[in-house]
Amino acid sequence: MANLVYLTTEPIDLTALLAHVQSPSRGGVACFIGAVRDYASGRTVTRLDYSAYGPMAETECARIVAEAESRWSCGVALKHRIGTLAVGDTAVAITAAAAHRDEAFAACRYVIEEVKRRVPIWKREVFADGSVEWVGSAAAGQQGSAAVAPSS
Amino acid sequence: MFASYAEALGFDQVDLSLDHPSTVADAVNRLRALPGGEKLPSRPLCALNLSQAAPEDPLSPGDELALLPPLSGG
């Protein structure tokens with residue numbers, strides 16, 4: 001995938017994401033990290049395989065970041081890792097910096113919730129017994145709550 | 001085709017020859033008729049040329065239609 005801004009196949013550099021949003025006028029800096037957990041549905045997870053519809057994911061991430069920056073007058077940085085991740089690895093990281101903490105926390109929360117709801121990324125859980133399962137696939141026969149924002 | 005849908009069909013890209021005019025729903029039905037396609041829902045979340053699409057949206061030659069399984073990023 002070319003021109004990756006929000007997606008990466010490399011480990012996420014949190015320091016770089018913080019540096020991207022910090023400035024002398026921004027006194028509140030919030031950070032969210034989504035890490036690979038070692039269990040799901042009561043079973044032991046050994047790794048997660050992430051894949052994405054790259055061009056659309058990039059576009060949607062850019063929209064979400066722009067929405068948050070505009071709504072809370074803040075700076076936002078976002079990275080989502082794709083590929084095979086081990087337990088404890090950072091899958092997604094968000095930093096938000098604003099004049100005060102309320103805006104920073106709100107922007108950070110908004111971005112992670114919208115990423116999960118709107119960005120075409122999928123993860124497959126690999127369990128200790130060798131079985132694999134696409135997350136969310138149990139609902140594959142339904143019109144899920146997933147929604148992509150209309151073009152603006 | 002992505003994730004569980006690509007796994008069900010055994011490929012992640014395919015060129016479809018459809019009658020003109022055709023819709024997103026026509027393309028989905030064609031895919032669902034292929035081996036493994038029965039695992040796809042009748043109305044999957046779809047994107048046409050990178051924007052969310054409705055089943056009745058018309059297709060043109062060269063369009064890129066993506067069938068998106070339930071999203072699970074984060």
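Let me begin with chain B: among its contacts with a separation of 6 or more, 52% join residues 24 or more positions apart. Two residues are in contact if their C-beta atoms, placed from the backbone, lie within 7 Å. The model is a predicted one, in which local features need pLDDT of at least 70, side-chain atom pairs count only at pLDDT 80 or more, and totals for chains, interfaces and linings use all residues. Residues are numbered from 1 along each chain as its sequence is written, while chains are lettered from A and ligands numbered from 1 in the order in which they are written.

Chain B has two helices and five strands, following the pattern α-β-α-β-β-β-β along the sequence. Helices (H or I, at least four residues) and strands (E, at least two) are DSSP runs, numbered from the N terminus. The C-alpha trace of chain B spans about 35 × 30 × 20 Å along its principal axes. Of the 74 residues in chain B, 32% are buried, that is, 20 or more other C-beta atoms lie within 10 Å of their own, with C-beta atoms placed from the backbone.

How many residues of chain B are in contact with chain A? There are 18, and they meet 30 residues of chain A. On the side of chain B that touches chain A, helix 1 (3–9), strand 2 (45–48), strand 3 (51–53) and strand 5 (65–68) each supply at least two residues.

I turn now to chain A. Its pLDDT, the predictor's confidence in each residue from 0 to 100, averages 90, and 88% of the residues score at least 70. Over residues 139–152 of chain A, however, the pLDDT is below 50; this stretch has 23 contacts in the model beyond near neighbours in sequence.

Chain A contains an open sheet of four strands, in the order 1-5-7-2, with mixed pairing. Strands pair if DSSP finds at least two bridges between them. Strand 1 (7–8) and strand 2 (28–35) of chain A are at the edges with a single partner strand each, so one side of each has no neighbour in the sheet. Strand 5 (residues 75–81) and strand 7 (residues 90–98) of chain A pair in the antiparallel sense over six bridges. Within this chain, Ala77(A) has Thr95(A), in strand 7, as its bridge partner.

Definitions and conventions:
Buried ≥ 20, exposed ≤ 12 C-beta atoms within 10 Å, placed from the backbone.
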